[in-house]
Amino acid sequence: MKVFGMKRAMMVALVGLVALAGCHNAKKENVQPPTPLAKDFKPTVQVTRLWRESIGDGAEDTGVRLRPTVVDGVLYADSNDGKLVALDAATGKTVWSKSSRTHGWFGWGDKKRKDASYAGGPAVSGDLLAVGTLDGHVYGVNAKDGSPRWEATIKSEVLASPVIVGDLVVVRTGDGRVYGLDAASGERRWVYDQSEVPVLSLRGNGPLLVANGVVFFGSDGGKLVALRLDNGEKLWEQKLANGEGRTEIERLDDADGAILLDGRTLYGAAYHGNLVGIDGPTGRPLWTHPFSTYTSLAAKGNAIYAADEDSQVWAFDKSSGAEMWKNDKLKYRWLTGPAVQGDYVVAGDIEGYVHWLQTGDGALAARERLSKHAIRAQPLVVGDIVYVEDVEGHIGAYRLGGAR
């Protein structure tokens with residue numbers, strides 16, 4: 001089982017990953033400073049910020065990646081200090097807001113209980129919102145008004161957003177387990193337990209992907225795992241990293257990013273590992289390209305976009321894994337995983353900047369500053385708007401084109 005303190009220590013020790021551990025004031029001689037941004041930069045596309053709001057204290061120093069979700073024109077977000085909100089996605093105006101600050105979870109239970117330490121971001125389907133916490137709980141909430149429905153207790157912290165599929169809420173935890181919970185009651189229907197979990201790993205878990213009755217996720221041991229949705233039985237697993245090296249740090253090979261699915265092909269990558277194209281039904285590798293990343297991938301058209309462990313941004317051919325272009329202008333700015341907004345790749349950095357790159361050649365096209373705080377979660381693109389959240393709970397909505 002992973003130990004939180006050991007994980008935090010490992011993160012501080014890793015070159016270039018100090019930012020991910022929430023240790024912003026750490027002084028390490030071997031940590032590369034962010035590449036300075038060009039002062040004479042001239043954007044080639046105009047960006048309009050539609051709105052900016054603040055959600056509680058955000059992720060604070062927990063190291064988790066809080067990411068909002070948008071469903072039917074409503075943006076749902078949470079914070080580590082017990083805030084859970086719904087905003088109009090077009091304007092940022094509050095639809096409803098709940099806080100667990102004074103009376104446990106929305107007034108339930110022990111009044112001395114600590115605020116619900118939400119993590120990973122909420123999931124919404126229909127009128128159900130599901131959200132996990134760092135103290136091993138999953139809550140079912142009415143998405144229309146935030147009123148509580150049910151509470152489930154599990155064995156470890158929930159670092160990634162749950163997924164709601166039909167009558168199931170699927171949740172993964174920091175100790176390597178994946179749970180299938182009843183969407184109506186929160187009752188446990190099944191649990192998948194990895195037999196071995198590395199003692200040391202990166203702080204975080206990649207989000208679950210559910211498609212065609214299968215749950216896919218990248219493991220802390222550098223594997224892509226496929227489970228049956230109905231009972232949690234493992235169908236297959238495929239290595240994204242080999243776990244080779246002399247030291248524990250060299251053998252660190254988490255797959256902490258999202259798994260992509262295009263047709264029947266899955267795409268995944270791991271730290272100290274590879275970018276891999278995999279046949280979804282069989283788990284058979286189609287191609288492999290050496291590549292190390294701790295963030296999520298993005299895809300559009302014939303390309304896969306990714307930021308490597310040094311925050312260089314790459315584009316790869318989807319059918320073969322061949323390199324298409326690389327941009328090193330943002331090296332050591334500890335980028336989020338990229339997203340694709342129209343004809344541009346968008347990512348946030350450690351100093352609160354949001355960057356847009358052209359999908360065709362990777363050239364920098366625009367930048368805006370959300371805040372002075374680190375952005376860790378992958379931007380969320382919905383329609384023609386991208387939503388970006390920093391570690392202090394500031395959320396900005398941006399559209400390409402038009403005047404501010």
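Helices (H or I, at least four residues) and strands (E, at least two) are DSSP runs, numbered from the N terminus. The model is predicted: local features need pLDDT of at least 70, side-chain atom pairs count only at pLDDT 80 or more, and totals for chains, interfaces and linings use all residues. Residues are numbered from 1 along each chain as its sequence is written, and side-chain values use heavy atoms, with hydrogens and water left out.

**View 1. His 272 sits in the loop between β19 (265-269) and β20 (274-279).** Phi of His 272 is near 55 degrees. That value is positive in a residue other than glycine. His 272 is partly exposed, at a relative accessible area of 31%. Here buried means under 20% relative accessible area, exposed over 50%, and partly exposed in between (1.4 Å probe, protein chains only).

**View 2. Trp 334 occupies the loop between β25 (323-327) and β26 (339-341).** Its phi is positive, about 50 degrees, although Trp 334 is not a glycine. Is Trp 334 buried or exposed? Trp 334 is buried, with a relative accessible area of 7%.

**View 3. Leu 168 belongs to strand β11 (residues 168-172).** Leu 168 has a relative accessible area of 4%, so it counts as buried. Leaving aside residues up to four places away in sequence, Leu 168 touches Val 163, Gly 180, Leu 181, Ala 183, Arg 189, Trp 190 and Leu 229. Contact means heavy atoms within 4.5 Å. Asp 182 is 14 residues from Leu 168 in sequence. In space the two are 5.0 Å apart, C-alpha to C-alpha.

**View 4. An open sheet of four strands runs in the order β14-β15-β16-β17.** The pairing is antiparallel. Its edge strands are β14 and β17 (234-239), each pairing on one side only. From one strand to the next, the twist averages 20 degrees. Axes for such angles are lines fitted to C-alpha atoms, for helices over the stretch in contact, and angles run from 0 to 180 degrees between N-to-C directions. Two strands pair if DSSP finds at least two bridges between them. How many bridges join β14 to β15? Three bridges link β14 to strand β15 (residues 214-218), and the two run antiparallel. Ala 211 has Val 214 as its bridge partner in β15.

**View 5. The largest pocket holds about 890 Å³ of space.** On a 1 Å grid over the protein atoms alone, a pocket is an open set of points with protein on both sides within 12 Å along at least five of seven lines, a cavity is a set where a 1.4 Å probe fits but cannot get out, and lining residues have an atom within 4 Å of a point. Grid points are joined across faces, edges and corners, and a volume is the space filled by probe spheres set on the points. The pocket lining has 46 residues. Arg 67, Ser 161, Pro 207, Ala 258 and Gln 378 lie nearest the pocket centre. At least two lining residues come from each of β2 (69-71), β6 (118-125), β10 (163-165), β14 (209-211), β18 (260-262) and β22 (298-300). Strand β6 gives the most, with four residues. The lining divides into 29 nonpolar, 12 polar and five charged residues. Ala, Val, Leu, Ile, Met, Phe, Trp, Tyr, Cys and Pro count as nonpolar, Asp, Glu, Lys and Arg as charged, and the others, Gly among them, as polar.

**View 6. The largest cavity has a volume of about 40 Å³.** A search of the whole structure finds one cavity of 30 Å³ or more. Ala 59, Val 64, Arg 65, Leu 66, Arg 376, Ala 377, Glu 389, Asp 390 and Val 391 line the largest cavity. Five of these residues are nonpolar, none polar and four charged.
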